[in-house]
Amino acid sequence: MHFLYNIVIRVSWAALHVVAWFSPKIKLFVHGRKNSWDILCEQLPKGARPIWVHAASLGEYEQGVPIIEGLKKNYPDIPILLTFFSPSGYEVKKKNSVADTVCYLPMDTASFSQRFIREVNPKMALFIKYEIWPNYLKILKEKQIPTFLISAIFKPEQIYFKGYGGLMRKALDSFQYFYVQDEQSKKLLESIGKTNVNISGDTRLDRVSQILEQDNQLDFMDRFCQDKSIFIAGSTWPEDENVLLPWINEHQQGWKFVIAPHNIKPEAIDKIKGQLQKPVMLYSERQQLDPALYEVLILDTIGILTKVYSYAHLAYVGGGFATGLHNVLEPAVFGIPVLIGPVYVKFKEAEDLVGLGGVISVANGAEFNENANLLISNTEKRKQAGQIAQEYILSNKGAAQQILESIDQQLGPNFFR
């Protein structure tokens with residue numbers, strides 16, 4: 001089975017080189033990995049034996065941040081190497097992450113994984129949430145490098161729990177300990193003989209809790225908001241915008257609107273702008289225009305949405321009508337209710353918050369209109385839902401500290417000396 005896996009990985013890597021000619025994202029995926037070896041050679045101190053943290057993309061990175069910050073505080077002399085699988089993580093964080101060195105993870109071929117582990121020689125490895133790469137994990141186990149899976153969540157439909165999932169189940173043997181988000185994940189792991197499991201929760205709750213402690217003030221938002229209430233739609237896809245934009249065009253009483261689309265390419269921004277019937281400005285125009293004169297602000301940039309959410313009285317988080325729900329915790333931490341689309345069942349925090357009433361799922365435009373209008377007109381209901389959302393986060397934080405303490409216990413007091 002491992003032999004077939006290696007063939008598939010090699011064929012896939014070769015095919016991606018062809019696809020890269022036609023896809024900018026795949027081009028980043030392929031060519032970025034060619035630079036990984038140079039980055040490791042130039043930026044990683046010789047013989048340093050770093051702590052290696054791997055994240056699939058930006059969301060997993062955010063889960064890893066509280067752990068990385070804790071490791072840097074506890075072991076300031078040990079460098080942190082952060083690797084990404086996806087361009088959407090690496091390209092955003094390659095120059096401004098909390099790690100010391102950042103690069104793409106080379107593909108999980110037998111030769112690349114052997115070379116990577118040989119050159120990096122990590123003291124410890126942490127994989128965030130979902131990333132299971134059999135060749136890397138096999139070598140880490142052979143070299144007796146302690147390896148942990150952080151903020152993991154397992155579902156019955158995953159390959160590990162199928163009759164044909166032997167290779168992936170075997171890959172799980174490499175983890176010294178699993179830190180999972182919920183009881184179901186623990187029981188599923190126990191069903192395949194994994195008892196080295198701790199229910200520690202989701203480190204993203206620690207991450208978003210930190211947002212409340214930072215300075216979230218933005219001059220252009222102060223000028224835009226004036227004395228109006230603010231509705232913010234974050235990480236929207238065209239399917240979300242088809243629901244939102246007609247409602248924005250119809251709604252007029254005392255509210256302003258911010259749209260932060262997932263795709264900020266000019267043609268996508270122009271399409272949104274063309275569908276709006278209210279005065280619209282772009283974030284990139286904030287120096288030339290007076291934000292106070294506009295009812296709709298489109299964020300044609302990345303990296304500021306978290307702070308912008310602090311101005312919201314009501315939020316919508318995109319992806320639930322499209323490819324997958326984005327982060328509902330970032331607006332929820334500010335004590336505001338969040339509307340989402342119908343597809344959220346694989347996102348534990350969304351499932352929990354929908355059940356509690358802090359997040360409201362809508363199936364179509366009519367349901368969105370009904371719920372959005374109710375929350376806008378009923379201030380008390382809006383505040384109550386927002387308090388539920390914020391309390392969920394604040395009462396469930398603490399996973400990072402629990403994980404860090406457990407790892408220290410697993411490794412012993414002299415491991416990092």
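I began with helix 7, whose buried residues pack against helix 1 (2-19), strand 1 (51-55), helix 6 (110-120), strand 4 (124-128), strand 5 and helix 8 (166-171). Contact here means heavy atoms within 4.5 Å. Helices (H or I, at least four residues) and strands (E, at least two) are DSSP runs, numbered from the N terminus.

Before going on I noted the basis: this is a predicted model, in which local features need pLDDT of at least 70 and side-chain atom pairs count only at pLDDT 80 or more, while totals for chains, interfaces and linings use all residues. Residues are numbered from 1 along each chain as its sequence is written, and side-chain values use heavy atoms, with hydrogens and water left out.

I listed the buried residues of helix 7 (residues 134-142): Pro134, Asn135, Tyr136, Leu137, Ile139 and Leu140. Buried means under 20% relative accessible area, exposed over 50%, and partly exposed in between (1.4 Å probe, protein chains only). After helix 7 comes Gln144, with a positive phi near 55 degrees.

**Positive phi in strands**

I looked up Ser151 in strand 5 (residues 147-152). Its phi is positive, near 50 degrees, in a residue other than glycine. Is Ser151 buried or exposed? Ser151 is buried, at a relative accessible area of 0%.

I then turned to Ser235, which sits in strand 8 (residues 229-236). Ser235 has a positive phi near 55 degrees and is likewise not a glycine. Its relative accessibility is 17%, so Ser235 counts as buried.

**Strand 12 and its partners**

I followed strand 8 to strand 12: they pair in the parallel sense over four bridges. Two strands pair if DSSP finds at least two bridges between them. Ile232 stands opposite Ala315 of strand 12. Strand 12 also runs parallel to strand 13 (residues 338-340), joined by two bridges. There the bridge partner of Ala315 is Val338.

Which way do the residues of strand 12 (residues 314-317) point? Leu314 and Tyr316 point one way, Ala315 and Val317 the other, and all are buried. In a regular strand, side chains alternate between the two faces of the sheet.

**Cavity**

I searched the whole structure and found one cavity of 30 Å³ or more. On a 1 Å grid over the protein atoms alone, a cavity is a set of points where a 1.4 Å probe fits but cannot get out; a pocket is an open set with protein on both sides within 12 Å along at least five of seven lines; lining residues have an atom within 4 Å of a point. Grid points are joined across faces, edges and corners, and a volume is the space filled by probe spheres set on the points.

The largest cavity holds about 30 Å³. I noted its lining as Lys129, Tyr130, Ile132, Leu149, Ile153, Phe154, Gln158 and Tyr160. By class these are six nonpolar, one polar and one charged. Ala, Val, Leu, Ile, Met, Phe, Trp, Tyr, Cys and Pro count as nonpolar, Asp, Glu, Lys and Arg as charged, and the others, Gly among them, as polar.

**Second largest pocket**

I put the volume of the second largest pocket at about 320 Å³. Of its 16 lining residues, Pro66, Asp206, Gln210, Ala400 and Gln401 lie nearest its centre. Helix 4 (58-74), helix 10 (204-211) and helix 19 (399-411) are the elements that give two or more residues to this lining. The lining divides into three nonpolar, six polar and seven charged residues.
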